Amino acid sequence: MPIGNLTSQFFANIYLNGLDHFIKEVIRTTKYVRYVDDFALFSDDQNLLVEARGKIEEYLVKLRLKIHPIKSQLFATKYRSSFLGFRILPGRVRVRNNNLHRGRRRLRRLQQDYAIGTIEWKDVERSRVASALRPLTSWMAHLEQGDIWQLRKQIFDSVLLS
């Protein structure tokens, strides 16, 4: 299955449902989030995280999965971290710059294609006009998770008005 395919996301959620229950019921942490195959645990207790990581790795072996050795990190919550295209800082969440630049390029490409008549407005709204473009509504929803109204307004005003 291609990565990003809706069925692969659906099956990942089914396959990893047991991991969610394991983390909540066995490890007993309340500060846990998972999106498809990316997950994060938050705690100020380094020992808890080290112990939790070991238990999670043991659990994942049963599923024939393992934690990525480079992408997996343990650090104090007072430092920033990256998760799902966002930089999470103490007290705020920001969009990672490369994610922002990529999204702006996609929006400009949509705008240009619409302006020259390559695509119709209904295609812009759906923005599934080419496999290289991530759906516009999906990207807007992604930005909403960062509580960044001013940034979204700036992006869409600059793209739609130019």
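The model is predicted: local features need a pLDDT of at least 70, side-chain atom pairs count only at pLDDT 80 or more, and totals for chains, interfaces and linings use all residues. Residues are numbered from 1 along each chain as its sequence is written, and side-chain values use heavy atoms, with hydrogens and water left out. The chain has seven helices and five strands. Helices (H or I, at least four residues) and strands (E, at least two) are DSSP runs, numbered from the N terminus.

**Confidence**

- The predictor's confidence in each residue is given as pLDDT, from 0 to 100.
- The average pLDDT of the chain is 76, and 70% of the residues score at least 70.
- Among the elements of the chain, α2 has the highest mean pLDDT (94), while helix α7 (residues 149-161) has the lowest (61).
- Over residues 128-134 the pLDDT stays under 50, and the model has 16 contacts for them beyond four places in sequence. A contact means heavy atoms within 4.5 Å.

**Overall layout**

- Along the sequence, the elements follow the pattern α-α-β-β-α-β-β-β-α-α-α-α.
- Of the 162 residues in the chain, 32% are buried. Buried means under 20% relative accessible area, exposed means over 50%, and partly exposed lies in between (1.4 Å probe, protein chains only).
- The chain exposes about 11,600 Å², of which carbon and sulfur atoms supply 53%. Accessible areas come from the Shrake-Rupley method with a 1.4 Å probe; for residues, only the protein chains shown count as cover.
- Among contacts between residues at least 6 apart in sequence, 42% join residues at least 24 apart.

- Strand β3 (residues 81-83) and strand β4 (residues 86-89) run antiparallel and are joined by three bridges. Two strands pair if DSSP finds at least two bridges between them.
- F83 stands opposite F86 in β4.
- The hairpin of β3 and β4 has two residues between the strands, and L84 takes a positive phi near 55 degrees there.
- β4 is also joined to strand β5 (residues 92-95), by four bridges, and these two run antiparallel.
- L89 has R92 in β5 as its bridge partner.
- The hairpin of β4 and β5 has two residues between the strands, and in this hairpin G91 takes a positive phi near 85 degrees.

**Helix α2 and its buried side**

- The buried residues of α2 are L19, D20, F22, I23 and I27. They lie on the same side of α2, because they cover an arc of only 165 degrees around the axis. The arc is that of the directions from the helix axis to the C-beta atoms.
- The cover over these buried residues includes β1 (32-35), β2 (38-41) and α3 (46-62).
- Just after α2, R28 takes a positive phi of about 60 degrees.
- D20 lies in helix α2, which spans residues 17-27. Not counting residues up to four places away in sequence, D20 touches Y32 and R34.

**Salt bridges**

- The structure holds three salt bridges. A salt bridge is a side-chain nitrogen of Lys or Arg within 4 Å of a carboxyl oxygen of Asp or Glu.
- One of them joins the side chains of D20 and R34 (2.7 Å, N to O). This pair links distant parts of the chain, with D20 in helix α2 and R34 in strand β1, 14 residues apart.
- D20 counts as buried because its relative accessibility is 13%, and R34 counts as buried because its relative accessibility is 18%.
- The side chains of E51 and K55 form a salt bridge (3.2 Å, N to O). Both residues lie in helix α3, four residues apart, about one turn of the helix.
- E51 is partly exposed, with a relative accessible area of 48%, and K55 is partly exposed at 31%.
- The side chains of E57 and R53 also meet in a salt bridge (3.2 Å, N to O). E57 and R53 are separated by about one helical turn because they are four residues apart in helix α3.
- E57 is partly exposed, with a relative accessible area of 31%, and R53 counts as partly exposed at 23% relative accessibility.
- An α-helix has 3.6 residues a turn, so residues three or four places apart point the same way.
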